[in-house]
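Here are a few notes to read alongside the model.

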Amino acid sequence: MTPVVARYPGPAAPDVAARLRRLLAMLAHLASVGESTIDELAGRFGMLPEEVVAELELAACCGLPPYTPDELIELLVDGDRVVAERVGELGRPTRLTPAEGFAVAAAARALLTVPGADPTGSLAGALAKLEAALGKDRLVLDIEAPEHLAALREAAGAGRQVEIEYASAGSSAGAGPTVRRVDPYQVVVREGRWYLDGWCHRAGGVRRFQVGRVLAVRETGEAASPPASPHPELDEPGAFVGGPDAIRARVAAPPAVAWLLERVAHGPTSEGEDGRVEATVLVGSERWLERLVLRLGPGAEVLEPESLRPVGRSGARRALERYEIT
Amino acid sequence: MAPENADSGESSGELRPDRLERLTNLVQLLLHTNRPLPLREIADTVSGYPREPAALRQAFERDKRVLRQNGITLTLDRPDGADFQVGYRILPEHYYLPDLGLTAEEQLALSFALAEVRLEGGAGAGDALGKLGLPEVPDLPPVAVFPSLPALGVLQEAVRRRAPASFSYRGRRRAVDGYGLCFRSGAWYLVGRDAGAAGGELRTFRVDRIEGGVSTGEPASFEVPEGLDLREMVRFVPWQAHGEEATEVVVEVDATEARAAAELAGDGAVEPLPDGAGVRLRFKVGDEDAFVAWLVGLGDAALLVSPERLRRRVVERLRELAGVGS
């Protein structure tokens with residue numbers, strides 16, 4: 001075996017809890033497969049090859065009292081090859097950590113909630129066995145089921161171009177839905193809402209559409225040729241692709257409606273000097289911001305940008321007109 | 001004896017044995033033993049513990065914390081015949097993943113679920129794949145993306161084991177019997193009963209508003225009420241109020257907002273307007289103030305048809321927001 005001097009350097013080193021988790025996982029894995037390679041282990045456990053060697057060296061010094069050679073974990077490292085000779089107590093996988101248990105249950109529940117999922121298939125069977133062993137997960141994910149979801153998922157999955165009629169939330173007053181030819185890239189549910197990501201021929205760029213706002217779908221009969229790789233923004237958490245006019249605005253509201261502002265806030269809210277709650281929001285359209293301010297009610301206003309300060313007032317005026325003519 | 005360094009200190013000295021070694025030996029010893037081991041005996045057996053009692057106690061507490069972070073719980077028990085001394089061990093059933101008996105299809109289904117559902121931030125899948133013996137599947141485009149939070153794993157574990165969860169929320173310490181976790185409208189909620197609150201009413205807690213960590217109490221401490229509908233608990237209905245007279249309202253909503261409004265209106269009658277101009281909704285309202293605030297927030301996309309009394313209040317509020325004298 002190669003002597004290893006190097007320990008993890010610097011602040012980026014994982015803490016001892018993470019190292020223990022990794023080592024226990026690695027030993028259980030080695031015991032079950034019997035033999036592996038340093039590279040395979042490094043890839044599987046997200047480590048550098050030299051880290052794998054260092055941790056295995058350490059493990060080979062561990063064991064049971066009286067810590068004589070025949071009571072120690074025995075691993076054979078020969079070049080790149082690793083053979084588990086004796087792992088003992090640590091040769092079987094540990095219970096799932098809370099985080100792992102949550103991740104597995106959430107992923108399975110989410111897929112089962114997707115419209116069209118088979119409630120009696122293998123995934124449901126797996127989940128039932130997990131629940132039998134670990135306790136009921138009582139996890140509910142609310143996922144919308146928009147009318148045209150199935151058609152869009154099918155087209156995206158098969159790589160076919162679609163033409164959609166779209167009621168944009170950002171369309172200006174009086175403007176009706178638009179018809180757009182889209183090469184789908186993917187149909188994804190994000191935070192409970194379905195989106196179609198694709199190349200929009202009308203906009204000449206990648207756009208994200210809310211499937212719930214799609215009024216009609218027609219396949220054009222042509223193959224989709226979406227961009228080879230997704231728009232980088234599309235994969236970011238909470239990505240918001242609102243076109244070139246997506247901007248940030250600062251909104252203030254009375255404390256009584258702070259809970260409402262929190263729902264849409266991008267990042268944490270703060271308290272202003274006048275006692276009101278302030279938050280930054282991402283604005284896809286003026287119309288959306290206008291309705292937010294109206295919803296927040298008297299005492300709420302847009303602080304920045306200057307150009308959007310009057311949206312609440314003008315929105316209220318437009319709404320009033322409807323009452324005055326009816 | 002020099003005081004031990006904190007969790008990150010194990011990499012600093014060349015001479016000090018790596019703390020991971022101590023932890024690995026500790027786990028093996030406590031798994032292997034068939035009687036509870038007093039701390040003194042543990043320290044005499046596993047190398048790397050300080051001699052001085054207070055320092056030893058501290059070091060051991062830190063090790064216990066690391067084990068707990070990995071989901072490994074120690075059992076505290078009185079050894080046979082000992083009157084005063086307590087000892088520690090790890091019960092195999094608390095350590096090893098139980099055999100779930102997953103079929104190959106079920107394992108594959110879980111692999112796909114973990115590949116197709118992304119949890120962003122917080123609890124990750126960790127080594128769940130390895131522990132459950134799941135096959136690796138190729139990179140797949142996501143079907144669903146959800147935000148995750150570090151607290152979710154612990155809360156989920158508390159729900160599964162029916163252990164009270166204790167945390168700080170809106171400046172107050174809570175002890176909550178968690179009945180379930182629900183994701184809705186972009187946020188995770190814990191549904192449960194706050195034992196400390198007067199009346200112990202069913203409540204929802206936004207998980208991302210929990211302040212600091214979550215600790216859990218004794219398992220199997222409570223029963224989940226029969227027939228509890230988690231989804232219904234976190235349904236956001238702004239005008240819902242219990243114990244108040246309900247008012248029937250009629251609202252016309254434009255096509256762009258029709259779906260969301262109809263969802264909120266629930267079982268009330270929904271009737272399409274001619275020419276696809278939207279829907280006419282008829283439903284009951286408990287909290288009139290909340291209803292008026294919500295309706296005004298739809299701006300010119302909604303029109304309150306009746307009753308006249310509330311119509312006057314809507315106009316009044318719009319006038320205030322429009323800055324028009326009444």
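Which residue forms a salt bridge with B:Asp208?

1. The partner is B:Arg206, and the closest N and O atoms of this pair are 2.8 Å apart. Please keep in mind that this is a predicted model. B:Asp208 is partly exposed at 34% relative accessible area, while B:Arg206 has 14% and is buried, because buried means under 20%.

2. There is also a network to look at: salt bridges with shared partners link A:Arg287, A:Glu290, A:Arg291, A:Arg318 and B:Asp300. Across the whole structure, a search over all chains gives 48 salt bridges.

3. A:Glu290 belongs to helix α8 (residues 286-296) of chain A and is buried, at 4% relative accessibility. Leaving aside residues up to four places away in sequence, A:Glu290 touches A:Val311, A:Gly315 and A:Arg318. A:Arg313 is 23 residues from A:Glu290 in sequence, with 8.3 Å between their C-alpha atoms.

4. Another salt bridge brings together the side chains of A:Glu324 and B:Arg319, at 3.7 Å from N to O. This pair crosses between chains, from helix α9 (residues 311-325) of chain A to helix α11 (residues 308-322) of chain B. A:Glu324 is exposed at 52% relative accessible area, whereas B:Arg319 is partly exposed at 23%.

Conventions:
Residues numbered from 1 in each chain as written. Chains lettered and ligands numbered in written order. Predicted model: local features only at pLDDT ≥ 70, side-chain atom pairs only at ≥ 80, totals over all residues. Heavy atoms only, no water. Helix = DSSP H or I, 4+ residues; strand = E, 2+ residues; numbered from the N terminus. Buried < 20%, exposed > 50% of the residue type's maximum accessible area, 1.4 Å probe, protein only. Contact = heavy atoms within 4.5 Å. Salt bridge = Lys/Arg side-chain N within 4 Å of Asp/Glu carboxyl O.
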